[in-house]
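Subject: Structure handover

Hello,

Please find the structure below, followed by my notes on it.

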Amino acid sequence: MSVRLTGTVRLTVAQALVRFLAAQYAERDGDRHRLIAATWGVFGHGNVAGIGQALVEHADAMPFHQGRNEQAMVHAAVGHARQTGRLSAHAVTTSIGPGATNLVTGAALATVNHLPVLLLPGDTFATRPADPVLQQLQVPYAGDVSVNDCLRPVSRYFDRIVRPEALIPAALEAMRVLTDPAATGAVTLALPQDVQAEAYDWPAAFFADRTWRIRRSSPDEHELAAAVEALGGAARPLIVAGGGVRHSGAEEALAEFAALTGIPVACTQAGKGVLPHDHPQDVGAVGHTGTAVADHLARTADVVLGIGTRWTDFTTASGTLFGHPAPRVVNLNVVAFDAHKLAALPLVADAREGIERLHALLGPHHVAAHYVHEYTEEKLRWEARVDAAYAVPDETARPTQTQVLGVLDTLVDPTDILINAAGSLPGDLHRLWRTRSRDQYHVEYGYSCMGYEIPAAIGVLLAAPGRPVWALVGDGTYLMNPTEIVTAVQERLPLKLVILQNHGYASIGGLSEAVGAERYGTDYRLRADDGGFTGPPLPLDLGANAASLGMRVLRPRTIRDLREALADARAATDPTCVYIETETADSVSGPPPAQAWWDVPVAEISTRPSAVKAREEYDRHVTARRRHL
């Protein structure tokens, strides 16, 4: 029996907000979580006397984590939200000025990936007793603009609380958006620093426990009938599973549907792991970073069922992948905007609900036995290529990047979680990694944000205590955002950090070479006498940097050393870094090459032969692009 609170409670705006957030819950299918599980903060004059004081006042109700970089705090919150299946989120509070603008990249990442995070940046005075104040951006044509307006285009909901009573509808609307499967992402409540500290008589009912039920939308019957008709007539159907499958918790429904119909399942970066690698219908990654078998099936599929995917250029190989003369696309997606992409037959619904309805209407044994035999044999051939990339002919040699993954592959079990976001690792992981559980593979590729991995791993560790969590980073990514190592040390979290030192931007360096830019500005090298970047590698010691921030650092030099170091790190109960210099793929066997194209326009005219050749190759590929109409 619920009790409705009556009367009023006198609190400041900041105190009221913290107390309100502590009473919010999210529930789906009977699984109930605290909606705002904790607050991250870096304090300054725009929030220390408001939200900062409120967090002290209500420390028993709202856990707090001290961050070092505002962008990193959002990444940690996003990692937590993804690990909890979007049933729980974190809040992030900052000062005004640079503290607030540092949120923009993290907010964009959260919104692109449909992951909930609540942003609480301080703002300039609403009453304007002094104008300008420290860190205020003055806009001559608009007195009501602040730097927080930068957050509008990257937020799913934005409001500025200029009066205490305005907090009530804004806070409720913020919770609604955070728990909306189709609209969730970054939510921003900008808080003028004077309003934060202002007292108000709040309705006591504002602070009552409130549960936000996350709905599962059912498909429209007409859309469902059209989808069933298309799939029912398909000779070579293919499922492309995206992150929406994970967000819906539809992994088991998809596994059963694929097994009983025989339809093969390829995966995007966000969808990798929704089926374990040894599921008979799993054919691995699709698109530019895809497997040979998945990309072949995509090129020959007559019907493609996309489930929870945004159809990015990597997935579609920039519009060149689906090569059937008249391919039909069916999109099952909770977001109508995404369901209509590629001129598809839309099936707007929750992924699990949609899969279950399709399953009931299509029935078992949908595809021909020869088709199943074809992709099963191709999958075996691809697995042999993965084995070759992972092979270690000499334990005393320095490892390649793919051999590092191969060694790690021999050590992990379904409880391990791998986190990555940018560089050459996402491609290798997407193509090669053998996922063992639905949440083992955590690669942020919607925004592919360098610097995501370490803070996101902290968020995952907070959501999944006791599980081995690996942040895999290259040297370029590490240099972008290593500061949250201090947070891991402070919180005593057993972060397992693997730094691959290859002296530059390996991924963008390879792309630079492919488009005729000749790796210019992509290596970490001393300036040569002629002013170019042709000198020796920079004398960087990122392991020493990690150690200076409080991590225990292991320095393997050979593959044998690496095997021991990774095992040591996996068993460690304190933050541990494995720092390894990798061999380049030029000198030893590397990963299989890209199985599909990606459109990066090349200079149409150039005096450099490399660019001219690259343009010829570009013109050859671009002719294969098609518009789905």
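R19 lies over the face of F207, 4.8 Å from the ring centre, and R32 lies over the face of Y25 at 3.8 Å. A charge sits over a ring here if NZ of Lys or CZ of Arg is within 6 Å of the ring centre and within 35 degrees of the ring normal.

This is a predicted model: local features need pLDDT of at least 70, side-chain atom pairs count only at pLDDT 80 or more, and totals for chains, interfaces and linings use all residues. Residues are numbered from 1 along each chain as its sequence is written, and side-chain values use heavy atoms, with hydrogens and water left out.

F207 also belongs to an aromatic cluster with F20, Y200, W202 and F206. Rings of Phe, Tyr and Trp (its six-membered ring) pair if their centres lie within 6.5 Å; planes under 30 degrees apart are stacked, over 60 edge-to-face, the rest tilted. The count comes to eleven aromatic pairs. In one of them, F314 and W598 have ring centres 4.5 Å apart and planes at 65°, so the pair is edge-to-face. These two residues are 284 residues apart in the chain. F314 is buried at 13% relative accessibility, while W598, at 25%, is partly exposed (buried is under 20% relative accessible area, exposed over 50%, partly exposed in between; 1.4 Å probe, protein chains only).

There are zero disulfides in the whole structure (a disulfide is a pair of cysteine sulfur atoms within 2.5 Å). The sulfur of C449 is 16 Å from the closest cysteine sulfur, in C150, too far for a bond. C449 is buried, at 7% relative accessibility.

Regards

Conventions: Helix = DSSP H or I, 4+ residues; strand = E, 2+ residues; numbered from the N terminus.
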